[in-house]
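I opened a new structure today and kept notes as I went. Here they are, in the order I looked things up.

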Amino acid sequence: MFKLVHAASIISVVMPAPARNITACLFLCVAATAPAAETRHATDPETGIETWETAAQGVSLRLTQILPDQVRGFYLARGFDAGSVELLAAGACVFQTVLRNESARGTIEFSLADWRIVTARGERPLKLEADWQKDWGERGVPLAARTAFRYALYPTQHRYDIGDWNMGMTTYALSLGSRFDLRFVWREGDKRHEAVLAGVRCATEARP
């Protein structure tokens, strides 16, 4: 069962520049009326794997932890050497990711390059497929394994009509067990939207 863990997520929409005679106070009052998105959290009682989900403006996002041993098993079976796998399994956080256009007014577009990890130390971008491919190339990971990696990751950019969705891995350059908020961004035409998935926690090694 999901439970609510955060109620302060804010969705913002880029709008035409306000007239010069509109004060900053008025702008803040209008922004405060923007709808908020709640983050729901669930834990699998058998595995301890945690999931976070939120929805805003007809778009939903869900992150589910992928345990380090699951990462190891998946990529060792696809031709990665143990050292390279360990960079991913123990040196980053990996989540199964599902983004859906459930009922947005039209087609949405997104780029993971716009998304930001938010921690007490500030903001940082996700580690994207192109970043990893540079690492894999330097380490001599075989092309077939690198291709499998590309198809397992969530697409860096895409566009969804109503009802469209996708599933894949996203990666975060954080230590195991870290907590963060994820500010995710999408566009409908010339309007930019964002929402926050709050209180996400990176997986740790499997429980004994």
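I started with a term: a polar contact is a pair of N or O atoms within 3.5 Å; within protein, one must be able to donate a hydrogen and the other to accept it, and residues adjacent in sequence count only if both atoms are side-chain atoms. The model is predicted, so local features need pLDDT of at least 70 and side-chain atom pairs pLDDT 80 or more, while totals for chains, interfaces and linings use all residues. Residues are numbered from 1 along each chain as its sequence is written, and side-chain values use heavy atoms, leaving out hydrogens and water.

**Entry: Lys 127**

I looked up Lys 127 and found its side chain joined to that of Asp 135 by a polar contact of 2.8 Å. Lys 127 sits in the loop between β9 (122-125) and α4. Helices (H or I, at least four residues) and strands (E, at least two) are DSSP runs, numbered from the N terminus. Is Lys 127 buried or partly exposed? It counts as partly exposed, at 23% relative accessibility. I noted the cut-offs: buried is under 20% relative accessible area, exposed is over 50%, and partly exposed is in between (1.4 Å probe, protein chains only).

Next I listed the contacts of Lys 127, meaning heavy atoms within 4.5 Å. Leaving aside neighbours within four places in sequence, Lys 127 touches Trp 132, Asp 135 and Thr 171.

**Entry: the whole protein**

I counted five helices and 13 strands. Of the 208 residues, 40% are buried. I also checked contacts between residues at least 6 apart in sequence: 68% of them join residues at least 24 apart.

**Entry: helix α3**

Which residues of α3 (82-89) are buried? I found Ser 84, Val 85, Leu 88 and Ala 89. They lie on the same side of α3, because they cover an arc of only 135° around the axis. That arc is taken from the directions from the helix axis to the C-beta atoms. An α-helix has 3.6 residues a turn, so residues three or four places apart point the same way.

What covers these buried residues includes α2 (68-76), β6 (93-101), α4 (129-139), α5 (143-152) and β11 (165-172). At the N-terminal end, Asp 81 caps α3, with a side-chain oxygen 3.2 Å from the backbone nitrogen of Gly 83.

**Entry: helix pairs**

I took α3 and α4 next. Their axes are 11 Å apart and they pack at about 160°. That makes α3 roughly antiparallel to α4. Axes are lines fitted to C-alpha atoms, for helices over the stretch in contact, and angles run from 0 to 180 degrees between N-to-C directions. Angles over 145 degrees count as roughly antiparallel, under 35 as roughly parallel, 65 to 115 as roughly perpendicular and the rest as oblique. Gly 83, Ser 84, Leu 87 and Leu 88 of α3 meet Trp 132, Trp 136 and Arg 139 of α4.

Then I turned to α4 and α5. Their axes come within 11 Å and cross at roughly 165°, and the two helices are therefore roughly antiparallel. On the α4 side I noted Glu 129, Trp 132, Gln 133, Trp 136 and Gly 137, which meet Arg 146, Phe 149 and Arg 150 of α5.

**Entry: two single residues**

Gln 57 lies in the loop between β4 (50-56) and β5 (59-65). Its phi is positive, about 55°, although it is not a glycine. Gln 57 is partly exposed at 37% relative accessible area.

Glu 194 is in strand β13 (191-201). Glu 194 counts as buried at 13% relative accessibility. Its side chain makes a polar contact of 2.8 Å with the side chain of Arg 192.
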